[in-house]
Amino acid sequence: IRDRASIVAVISDHVTLKRSGRNYMGLCPFHAEKTPSFTVSEEKGIFHCFGCGVGGSVFHFLMQYDHLSFPEAVERVANRYGIEIERADGPTGSIQIGERESLYRINERAAANYQKILFTQPVGRTALDYLKSRKVTDEIARRFMLGYAPQTGSGLLDLLRKERLSVKDALRLGLIGQRSTQQFHEKFFARLMFPIVNAGGKIVGFGGRVLDSGLPKYINSSETPLFHKSSTLYGLCHAKEGIRKGDRVVVVEGYLDVIPLHQFGISYAVATLGTALTPDHVRVLGR
Ligand code: ZN
């Protein structure tokens, strides 16, 4: 997997690298610096920072940068290069999936379910009509994985049980609320759903918009282990290529500002999520 991967390409997702002789240089993401001492060697498949001493393979980079375990880092790189991983069952026959992975899995399944309701169920009709009235095409709605959470719920709890996903994790993700020991309810209902996707393409949270004049107009996921409002930018995954190519970014206010811009070819637009622009946002954009 390491041989197939380009360490320069993987690190470039997070650090701006410039060619310098046989190597690439950039500002180290692991310590604060103004002159680059972070080097990446494509030939050797390693990175090293002369400032703080971190270094290693593409896997070590992801482990430190995204706080992944070694198997998670290997899996991430393998997925990117379309390499299938065969899992040998451990002595107990069980497979440990990283905790974060199981949280992402729930967000993914919830998003797919909201999307299915929007596009295939009668109850999604009003939401589709609303999108049409805002001139959002089906194609772009699908690209941004829009969905609908009906008034009566999306059936999320049944889905979790059926797929043996953890209700406790769904609580942590703010998708489910709890009234009493055995009484759960969906937090998002009667809302058009906007999955919030990080730069790596994983769903970290959701925004929900009412279709009428109800208030609040928008609600977002609360802070969770995956979602930090002050450093998250809506649309970044779709915009990162455009930002890199054009070396520019447009920051707008909300979901329905980003989506039409992308629809009309302004592919370098992102939005903050109901907050002012923070230093963390700027840091993310800088990368
Ligand atoms: Zn460093």
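Predicted model: local features only at pLDDT ≥ 70, side-chain atom pairs only at ≥ 80, totals over all residues.
1. Buried here means under 20% relative accessible area, exposed over 50%, and partly exposed in between, with a 1.4 Å probe and protein chains only. In a regular strand the side chains alternate between the two faces of the sheet. Residues are numbered from 1 along each chain as its sequence is written, and side-chain values use heavy atoms, with hydrogens and water left out.

2. Strand E7 (residues 176–180) runs antiparallel to E8 and is joined to it by four bridges, where pairing requires at least two DSSP bridges between two strands. Ser-180 has Gln-183 as its bridge partner in E8, and the two strands form a hairpin with two residues between them.

3. The count of aromatic pairs comes to 15, taking rings of Phe, Tyr and Trp (its six-membered ring) with centres within 6.5 Å, and calling planes under 30 degrees apart stacked, over 60 edge-to-face and the rest tilted. The rings of Phe-30 and Tyr-65 have centres 6.3 Å apart and planes at 80 degrees, so this pair is edge-to-face; Phe-30 lies in the loop between strand E2 (23–26) and strand E3 (38–41), and Tyr-65 in helix H2 (residues 58–65), 35 residues apart. Phe-30 is partly exposed, at 26% relative accessible area, whereas Tyr-65 is buried, at 15%.

4. Phe-38 and Phe-61 make a tilted pair, 6.3 Å centre to centre with 55 degrees between the planes, and this pair links strand E3 to helix H2 across 23 residues. Phe-38 is buried at 0% relative accessibility, and Phe-61 is buried with a relative accessible area of 0%. One aromatic cluster is formed by Phe-30, Phe-38, Phe-47, Phe-61 and Tyr-65.

5. Arg-142 lies over the face of Phe-119, at 3.9 Å from the ring centre, under a rule that asks for NZ of Lys or CZ of Arg within 6 Å of the ring centre and within 35 degrees of the ring normal.
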